[in-house]
Amino acid sequence: MSLQSSRRPVPAVWLARVPQRWSSSLPMNTVVLFVPQQEAWVVERMGKFHRILEPGLNFLIPLLDRIRYVQSLKEIVINVPEQSAVTLDNVTLQIDGVLYLRVMDPYKASYGVEDPEYAVTQLAQTTMRSELGKLTLDKVFRERENLNASIVDAINQASDYWGIRCLRYEIKDIHVPPRVKESMQMQVEAERRKRATVLESEGTRESAINVAEGRKQAQILASEAEKAEQINQASGEASAILVKAQAKAEAIRVVAAALAQQNGNSAASLSVAEQYVAAFSKLAKESNTILLPSSTGDMSSMVAQAMGIYGSLSKPQPTKAASVEATAPPALQAPPPPPSPSIEYTEQEQQPSTS
């Protein structure tokens, strides 16, 4: 077996070049040339770099000057082909991206590299593989922005000598193996169930706390309302008692003034008799036990008895010290003072003289 036949075939994707769209078709030297805006024409004189034509009107020498390269100064978009890469946790991914770049130096872009577009594309692919090898699968999805920034920095460091600047790099699609995708889906479902359980428990806890807090506030408000009701009731009762006392005092003053007038005692006797008779008429209505005086049938004696009670109450009451002396037994009363001996002696002396 020959050495040439034992070589492994190289994938066509790695060797196939991206279609050239870096520069337009080379114009011919017509002495008078008009260069479009955002384009740079590289001119060689007798096979050596001469100058770069700026946009606008330009003049060239026929046969000696030749337009060798036409570089576009616009921002160029390049699709990076899909490639395989292995992450830090040994997961194979299929990933592609989009590259945005611009020619900053037409001279370096023309003489620094043979095919700038192909070179930048290959550099983006190799940088992508190396950066993905530093990250795990979870970090690849979470740190896409950091990954894009790292690829842009790596490309700019290498493409500085080519007169090209990479503006940004964006990852388009990331294809995960089916088994890894299934495990990721199961992990996501488990995480969602976990979060749902946690949220449900937190909701139950918050509900219990809110119910307890509501009951507490209701009890506090109920006690405060009961307290205010008792205070208002006590205040009302006190005001009522005070008003009744004032009214009774005023009635007593009016009655006293009426009794002080002429025939007041007779009017009082009539009123007491009426009340006495009305009280006897209500005896058997509220209780079964009745105490009746002996002369119930004699209305005149009943009126006389009521007037006697009224008269006893209307008499002035003795003082407390006088009543105590009057009710004290004879043994406790103070004995009378003894007679003075000097007076008795004088009287005995005077009796013989008068006789």
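A pocket here is an open set of grid points with protein on both sides within 12 Å along at least five of seven lines, and its lining residues have an atom within 4 Å of a point. The views below all come from a predicted model.

**Figure 1. The whole chain, before we zoom in.** The chain has 355 residues, and 22% of them count as buried. DSSP picks out eleven helices and eight strands. Now for the contacts with a separation of 6 or more: 67% of them join residues 24 or more positions apart.

**Figure 2. Close-up of the largest pocket and its lining.** This pocket holds about 210 Å³ of space. Two helices give two or more residues each to the lining, namely α4 (137–142) and α6 (178–260). The top contributor is α6, with six residues. If you want to select the lining yourself, pick Leu 137, Asp 138, Phe 141, Arg 142, Met 184, Gln 187, Val 188, Glu 191, Arg 192 and Arg 195. Sorted by class, that makes five charged residues, four nonpolar and one polar.

**Figure 3. The largest pocket again, this time with the domains in mind.** Domain 2 covers 74–176 and domain 3 covers 178–261. Each of these domains gives residues to the lining, so the largest pocket sits between them. Arg 142 and Arg 195 are among the lining residues to look for in this view.

**Figure 4. Thr 127, tucked into helix α3.** Helix α3 spans residues 116–132, and Thr 127 is part of it. With a relative accessible area of 7%, Thr 127 falls under the 20% cut-off, so it counts as buried. Skip its neighbours within four places in sequence, and the contacts of Thr 127 are Ile 151, Ala 154 and Ile 155.

Figure 5. Ile 76 belongs to β6, which runs over residues 76–86. Its relative accessible area is 10%, so Ile 76 is buried as well, given the 20% cut-off. Leu 167 is 91 residues away from Ile 76 in sequence, yet their C-alpha atoms are 9.7 Å apart in space.

Figure 6. You'll find Val 31 in the loop that links α1 (12–15) to β1 (32–35). A relative accessible area of 35% lands between the 20% and 50% cut-offs, so Val 31 is partly exposed.

**Figure 7. Leu 63, another non-glycine with a positive phi.** The phi of Leu 63 is about 70°. Leu 63 lies in the loop between β4 (56–59) and β5 (65–72). At 88% relative accessible area, Leu 63 is over the 50% cut-off and is therefore exposed.

Terms used. Residues numbered from 1 in each chain as written. Predicted model: local features only at pLDDT ≥ 70, side-chain atom pairs only at ≥ 80, totals over all residues. Heavy atoms only, no water. 1 Å grid on protein atoms, 1.4 Å probe; cavity = no way out; pocket = protein on both sides within 12 Å on 5 of 7 lines; lining within 4 Å. Points joined across faces, edges and corners; volume = space filled by probe spheres on them. Helix = DSSP H or I, 4+ residues; strand = E, 2+ residues; numbered from the N terminus. Nonpolar A, V, L, I, M, F, W, Y, C, P; charged D, E, K, R; others polar. Domains from an automatic or database assignment. Buried < 20%, exposed > 50% of the residue type's maximum accessible area, 1.4 Å probe, protein only. Contact = heavy atoms within 4.5 Å.
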